[in-house]
Amino acid sequence: MQPKRTELAKVQEDGKPFPSSTVLQRQEKPALTHRLPARLTENRTGQSLGLRSRLAAALVSASGAETGHGLVLLLVPVMMGLGAGFFYMASVNPPILPLAAGFLSFLLMAIIIRAGQPKLACAAGLAAAVFAGSLAATVELRSVGPLLDSDVTTEVTGMVEARDFDAGGRVRYLIRLAGTADPLIRRPPRRVRLVARSPHSPLPVGSLISGRARLSAPSGPVLPGGYDFAFGAFVDGIGAHGFFYRAPRAVPAASANPRLVETARLQLRQLREHVSARIRSLLPGDPGGIGAALTVSDRRGISQATVEALRATGLAHILAISGLHMALAAGTLFVGLRMALALFPVLVEAWPVKKAAAIGAMLTATAYLLISGGSVPTLRAWIMLMVMLVAVLADRPALTMRNVALAAILIILISPSAVVGPGFQMSFAATAALISAYAALTGRKRKQEPGMSSAHRFLKPPEWLARIVRGMIGLAITSLVAGLATGLFSAHHFNRVAGNGLLANMLAMPLVTFVVMPSGLVAMLTMPFGLDAWPLQLMGLGLRGVVAVARYVHGLGGDLLVGQLPMRATVAAGAGFIVLVMLRSRLRIAGIALIAAGAVLALPPLAPRAPDILVSEDGRLIGLNTPDGLASNAAHPSEFTFRQWQTALRGPQHLPPVPHPTTSTSTEPETQAAHEMQAKILDPLMAAAADQPSRFQCASRGVCAALFKQATIIAIDRAELIGPACDRADLVIVAIPVYMSACRSGATLVTSRSLRRSGALAIRIVTADQPAPPPSIGASAATRVASQAVRGSGGIGARRRAPRKRPVFDIEAALEGVVRPWTVQRYYDWRTQSYELPQ
């Protein structure tokens, strides 16, 4: 007997009941809400009943679309980069055992649960990628030698690994140290870079060199948050730099059989010198310097004005052997070889011509890598190109986001320190943004083509004109997308953005693409046969055009100084860029929101207040950030440091100190009479500073005083003036190493000894009627409150005066508490041969 069919429960033929009418109504309800008036679809709170369901469905659909195109693989290099970045930003060395344990644990978890819990396995795999990046950074640091701990004059002996010449004829040697003498350096660096100023016959690569030299330790950041040059030198394996006092001399080499790899390396460096000299002999001036930079990565000889014009117009990437140049060189050969082989139908039918051309391009790119010196940026470009050409050999699309991710993974494993540098970030940002942009444009074009009307087909321009228009549009899109993608990282690292970069690239890149790189490739191929003169001359014409474009656009202005960006703004905007580029669904809108949030965080009042006082890491240069400009205690400050200060503070003009004649100083023993005599030096400076505030008054460069925002600042380089300075000032900066740590008068004391460990300082002044701000991250022991009454009754800085309120100094140090392999030399005491590490 058949069961009765009802509205509430119907039975299928297989015995399973149909959904009840109530269930059917629930399933159809979201769709029916579109047909009902809004007032009927609102609940008591006034919210739409179907809004939450539609949002949830949209999110699920978008998430499914994202996981379908391999988002996890794209996120692997991002996670590895985060791991390496966290490792390098840590204040102390993370231990390797927890990193290895974390990597193995998450990797095993991902492998075990990949079948049952694929989403959780992906999350575990990404966590393992974070630990993998940190482990790669640990391995890299263990293979690098130490940095010099303090400046020293010694006799150096070593082998010349490389050399170059500047416009003044000076020779700069890269020397692998073999030994030092008089005095003996107990912690010698492995390699040093020394300049020979005296005229001499340059010693060839591979020879032994010796001479009396002044060695200096690599400098740290010029201000908190700035680039650490000691870290860059450490990663490059250069432990010191300096100069020879006299012309260096050659040392007879001991009879030895060099290794094959070492011999090949020296021969390649000699070949690079020959190529560079050949280019400069035929192309003098800036074209020759840029041509040598494009071929063998030798940037010497380019005038400072040209470098500044290229940097200000966004054309500085031309000076680096990047993925663009390597792609142009290999791509030119790829297209040319493929077209040449296509002229022979027999070869086309018998052999895969495209793959043969790809192999030729791979050989060209490898030769380009070897002759250019194999620097990290060039290696990065080579890896990216190899991945793409291997994809061509495998009949896969060459330029895809997956290939870029694979190249990034390889580079992070080989050189994880590149992650924190501008080259890696800007290169991959531009490549990823271009792939994403052209993928979006291609998808939109495919949607529009089927619906093209007959009128559009009738008005279609000629093919030659369409190609020209498409080429110009493509160049404009490429320049715009690449400029926007690299603008964030340029602003973070260089504190500037090229406002007219689009115009400069549109005018210059056709010359680079169609004239400079093809002629340069022909010149390199014909140079062994002595037929490179006319290709180099053609290359020089293109480079002269590029320089003319850079100078013209630079004259129009548009170089925007954005100042030092806060890290949180860069992180937010960087995360938004990753979301915008890697996602394909509507979820990428979140990337635009994150970029906007980063822009808001970089603006007042959310951005941190600019520092009022900047102190260099040796204490000899001090800057006051006044409304009228950047006042310093030096008439001719160090251009290297002061230029970066100006850029970080959005380009204030330099206000030199006001010279103030004083009576001659005394060097008598420290007595009360001697203190009174030294007062004759400081009191007139203090009076002049009160009459002309926000400006340094200097008896000499080493003795200066200023009054700025109710704070009295005294900068000295003489020990006998420390006591009178502590009595009179709120902030005393001593440019010599002394063992004092504080003034008894309550003044804040900064010495060369304390600066050696803390690095450069950024000081913000808080007036007496304002609350003291909390110490900044990386600040020294503390934000110092200089409002205490005088303590004690004798000794330096203990003159009895009426207690007065002092301003509060919020002191942020660049390297306070950072004990890493590139900073640990700051804590080394050569007298005791031990490290005085902080607790």
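Colleague: What is the average pLDDT of the chain?

Modeller: pLDDT is the predictor's confidence in each residue, from 0 to 100. The chain averages 81, and 82% of the residues score at least 70. Over residues 663-669, though, the pLDDT is below 50. Another stretch with pLDDT under 50 covers residues 768-802. Where pLDDT is low, the predicted coordinates should not be read in detail.

Colleague: Thanks! How many helices and strands does the chain have?

Modeller: Helices (H or I, at least four residues) and strands (E, at least two) are DSSP runs, numbered from the N terminus. The chain has 25 helices and 23 strands.

Colleague: And what percentage of the residues is buried?

Modeller: Buried means under 20% relative accessible area, exposed means over 50%, and partly exposed is in between (1.4 Å probe, protein chains only). Of the 839 residues in the chain, 43% are buried.

Colleague: Let's take a helix. Which residues of H7 are buried?

Modeller: An α-helix has 3.6 residues a turn, so residues three or four places apart point the same way. In H7, the buried residues are Glu262, Leu266, Arg269, Glu273, Val275, Ser276, Ile279 and Arg280. They pack against E1, helix H8 (286-296), helix H12 (353-371), helix H18 (501-526) and helix H19 (533-555).

Colleague: What span should H7 have?

Modeller: The expected span of a helix is 1.5 Å times one less than its number of residues. For the 23 residues of H7 that gives 33 Å, and the end C-alpha atoms are 33 Å apart, which agrees.

Colleague: Now salt bridges. How many are there in the whole structure?

Modeller: A salt bridge is a side-chain nitrogen of Lys or Arg within 4 Å of a carboxyl oxygen of Asp or Glu. A search of the whole structure finds 21 of them. One of these joins Arg163 and Glu273, at 2.8 Å from N to O. This pair links distant parts of the chain, with Arg163 in strand E1 and Glu273 in helix H7 (residues 260-282), 110 residues apart. Glu273 has 19% relative accessibility, so it counts as buried.

Colleague: Which parts does the bridge between Arg187 and Asp149 tie together?

Modeller: Those two side chains meet at 3.5 Å, N to O. Arg187 is in the loop between strand E2 (171-181) and strand E3 (191-196), and Asp149 is in the loop between helix H5 (118-142) and strand E1 (152-165), so the pair ties together parts 38 residues apart in sequence. Arg187 counts as buried at 13% relative accessibility, and Asp149 counts as buried at 10%.

Colleague: Where does the model have cis peptide bonds?

Modeller: Most residues other than glycine have a negative phi, and most peptide bonds are trans. Here a cis bond joins Asp182 and Pro183, with omega about 0°, and Pro183 is in the loop between E2 and E3. Another cis bond joins Pro604 and Pro605, with omega about 5°; Pro605 is in the loop between H21 and E9.

Colleague: And what is the phi of Arg650?

Modeller: The phi of Arg650 is near 70°, a positive value in a residue other than glycine. Arg650 is found in the loop between helix H22 (639-648) and strand E12 (654-655), and with 52% relative accessibility it counts as exposed. Lys709 also has a positive phi, near 55°. Lys709 is in the loop between strand E15 (703-708) and strand E16 (711-716), and it is partly exposed, with a relative accessible area of 39%.

Technical notes
Residues are numbered from 1 along each chain as its sequence is written. This is a predicted model: local features need pLDDT of at least 70, side-chain atom pairs count only at pLDDT 80 or more; totals for chains, interfaces and linings use all residues. Side-chain values use heavy atoms; hydrogens and water are left out. Contact means heavy atoms within 4.5 Å.
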